[in-house]
Amino acid sequence: MAANLVTCSICEETGGSCRVPAAYNGLANLNTGKAIISSSAAVSAPTRLSIEAGIHCRTVKDTAIVLDALQDPKRGYYDPRDIYTALPKALIAQKPYASFAQQKSLAGMRIGIVARIHGQAHAQRRRDQRSDR
């Protein structure tokens, strides 16, 4: 992706495997969680429990187009080999995801910034406790 050899790529997230390369290379990254993209093609069942599929593209709209292309015409995002994809129909968008990626500007959008992540605060407390001994 960063070398501009491909338009989009599918990645797997286990501990930053999708997020970090996207952040360092200015890519749009979509981690769908377990519910949308099946992980039934993972190497083994124990591995499948910990991975989530993701999509890297240059733009958010391109990631949505790829997500729409991964949908089965008959079953939608449901994969009978992957129990995590058994979502109620009410949770799946009725329109293609790419149709939601039309906004040209962030004007009027509400954006939240996480000031402190729980895991970081917990790690800092543990360091402080160790230094008190």
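Here is a short tour, topic by topic.

This is a predicted model, in which local features need pLDDT of at least 70, side-chain atom pairs count only at pLDDT 80 or more, and totals for chains, interfaces and linings use all residues. Residues are numbered from 1 along each chain as its sequence is written, and side-chain values use heavy atoms, with hydrogens and water left out.

**Overall layout**

- The protein chain has four helices and three strands; helices (H or I, at least four residues) and strands (E, at least two) are DSSP runs, numbered from the N terminus.
- Starting at the N terminus, the elements follow the order β-α-β-α-β-α-α.
- Of the contacts (heavy atoms within 4.5 Å) with a separation of 6 or more, 62% are between residues 24 or more positions apart.

**Surface and burial**

- The accessible surface of the protein chain is about 9,700 Å² (Shrake-Rupley method with a 1.4 Å probe), and carbon and sulfur atoms hold 57% of that surface.
- Among the 133 residues of the chain, 27% are buried, meaning under 20% relative accessible area with a 1.4 Å probe, protein chains only.

**The nonpolar core**

- A nonpolar core is a set of buried Ala, Val, Leu, Ile, Met, Phe, Trp, Tyr and Cys residues joined through side-chain atoms within 4.5 Å.
- Nine residues form the largest one: Ile36, Ile37, Ala53, Ile55, Cys57, Val66, Leu67, Tyr77 and Ile92.
- Strand 3 (52-57) and helix 3 (60-69) are the elements that give two or more residues to this core, and strand 3 has the largest share, with three residues.

**A closer look at Ala53 and Ile37**

- Ala53 sits in strand 3 and counts as buried because its relative accessibility is 12%.
- Leaving aside neighbours within four places in sequence, Ala53 is in contact with Cys11, Leu30, Asn31, Thr32 and Ile37.
- Ala53 and Glu13 are 40 residues apart along the chain, yet their C-alpha atoms are separated by 6.1 Å.
- With neighbours within four places again left out, Ile37 is in contact with Thr32, Ala53, Ile55, Leu67 and Leu70.

**The largest pocket**

- A pocket is an open set of points on a 1 Å grid where a 1.4 Å probe fits, with protein on both sides within 12 Å along at least five of seven lines.
- The largest pocket has a volume of about 240 Å³.
- Of its 14 lining residues (an atom within 4 Å of a point), Arg75, Gly76, Tyr77, Lys89 and Ile92 are the closest to its centre.

Technical notes:
Points joined across faces, edges and corners; volume = space filled by probe spheres on them. Buried < 20%, exposed > 50% of the residue type's maximum accessible area, 1.4 Å probe, protein only.
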